[in-house]
Amino acid sequence: MLLDHLSFPVAFCDGDGVIFLANPAMAAEWGMFSGQMVGHNALDFFRPRAGTLLQPIAEAVRLRRRARYPVEVTWLTSNGVERYGEMDIDPVSDSPDAPLALMLLLRVGGERGESPAAEAAEYARVSALEARILASTAAGETTARIAKTVGLTSDGVNYHLARLSQRWGVRGKAALVARAYSLGVLDSMNWPPTSAAPR
């Protein structure tokens with residue numbers, strides 16, 4: 001009942017990706033009822049961004065690791081419009097001994113029919129917290145120091161860096177910082193690094 005009242009799309013699936021529970025907000029993306037998604041594989045509905053590796057998620061389920069895995073996805077709505085967004089995949093269970101399930105939380109980014117400028121702006125959009133983390137990373141600060149500065153744990157900082165790396169399709173901090181500069185997220189005229197003024 002709680003899921004039914006959430007305004008954002010949520011679903012649960014087993015370790016093989018077969019959905020056993022979805023809320024109305026998730027089903028509405030395809031003009032369906034929640035029960036109509038049950039029994040289908042999540043990959044019947046979502047297409048991970050090219051180059052995205054799903055093996056680490058399968059390995060996490062096998063080894064009972066609990067971490068959040070952000071995945072860029074696209075999908076076709078019931079009226080044939082292609083949408084894109086980011087899905088957080090969390091291994092969860094009712095008890096320590098119970099089999100792991102996967103909780104899927106979808107954040108809708110937009111539609112592919114938008115203008116190239118609008119899509120580029122969405123692609124480069126970061127939160128104020130993410131911008132601070134990127135600027136500190138560009139300045140060469142350690143994860144522990146960044147965490148203390150922004151009020152997160154080291155795992156929290158690594159989560160945001162992993163999310164941005166996944167979104168922009170890069171690996172490693174150096175590539176992530178370079179991408180942030182190329183997208184105009186960081187101001188190339190300032191040292192120490194700062195986030196660019198919103199355009």
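From the N terminus on, the elements of the protein chain follow the order β-β-α-α-β-α-β-β-β-α-α-α-α-α. That comes to 8 helices and 6 strands, where helices (H or I, at least four residues) and strands (E, at least two) are DSSP runs numbered from the N terminus. Keep in mind that this is a predicted model, in which local features need pLDDT of at least 70, side-chain atom pairs count only at pLDDT 80 or more, and totals for chains, interfaces and linings use all residues. Residues are numbered from 1 along each chain as its sequence is written, and side-chain values use heavy atoms, with hydrogens and water left out.

How much of the chain is tucked away? Of the 199 residues in the protein chain, buried ones make up 41%. Here, buried means under 20% relative accessible area, exposed means over 50%, and partly exposed is in between (1.4 Å probe, protein chains only). As for contacts (heavy atoms within 4.5 Å), take those in the protein chain with a separation of 6 or more: residues 24 or more positions apart account for 47% of them.

**Salt bridges**

The structure holds 5 salt bridges, each being a side-chain nitrogen of Lys or Arg within 4 Å of a carboxyl oxygen of Asp or Glu. Let's start with R83 and E29, whose closest N and O atoms are 2.9 Å apart. R83 sits in strand β5 (residues 82–92) and E29 in the loop between α1 (24–28) and α2 (34–37), so this pair ties together parts that are 54 residues apart in sequence.

Are the two partners buried or exposed? R107 is partly exposed, at a relative accessible area of 33%, while E86 is buried, at 6%.

E86 forms a salt bridge with R163 as well, and there the closest N and O atoms are 2.7 Å apart. Since E86 belongs to strand β5 and R163 to helix α7 (residues 154–168), the pair ties together parts that are 77 residues apart in sequence. Both E86 and R163 are buried. Through salt bridges that share partners, E86, D88, R107 and R163 are joined into one network.

**Helices that cross**

Now for the helices. Helix α5 (residues 128–138) is mostly covered, with 8 of its 11 residues buried. Which ones are they? The buried residues of α5 are E130, A131, I133, L134, A135, S136, T137 and A138, and they pack against α6, α7 and α8. Just after α5, G140 takes a positive phi of about 90 degrees.

The crossing of α7 and α8 is left-handed, meaning that the near helix is turned anticlockwise from the far one by less than a right angle (clockwise would be right-handed). On the α7 side, L161, L164, S165 and W168 meet K173, L176, R179 and A180 of α8. By class, that contact has 5 nonpolar, 1 polar and 2 charged residues. Ala, Val, Leu, Ile, Met, Phe, Trp, Tyr, Cys and Pro count as nonpolar, Asp, Glu, Lys and Arg as charged, and the others, Gly among them, as polar.

The crossing of α5 and α8 is left-handed. L134, T137 and A138 of α5 make the contact with K173, L176, V177, A180 and Y181 of α8. These residues divide into 6 nonpolar, 1 polar and 1 charged.

Finally, look at G151, in the loop between α6 (143–150) and α7. At 63% relative accessibility, G151 counts as exposed. G151 and L129 are 22 residues apart in sequence and 9.9 Å apart in space, C-alpha to C-alpha.
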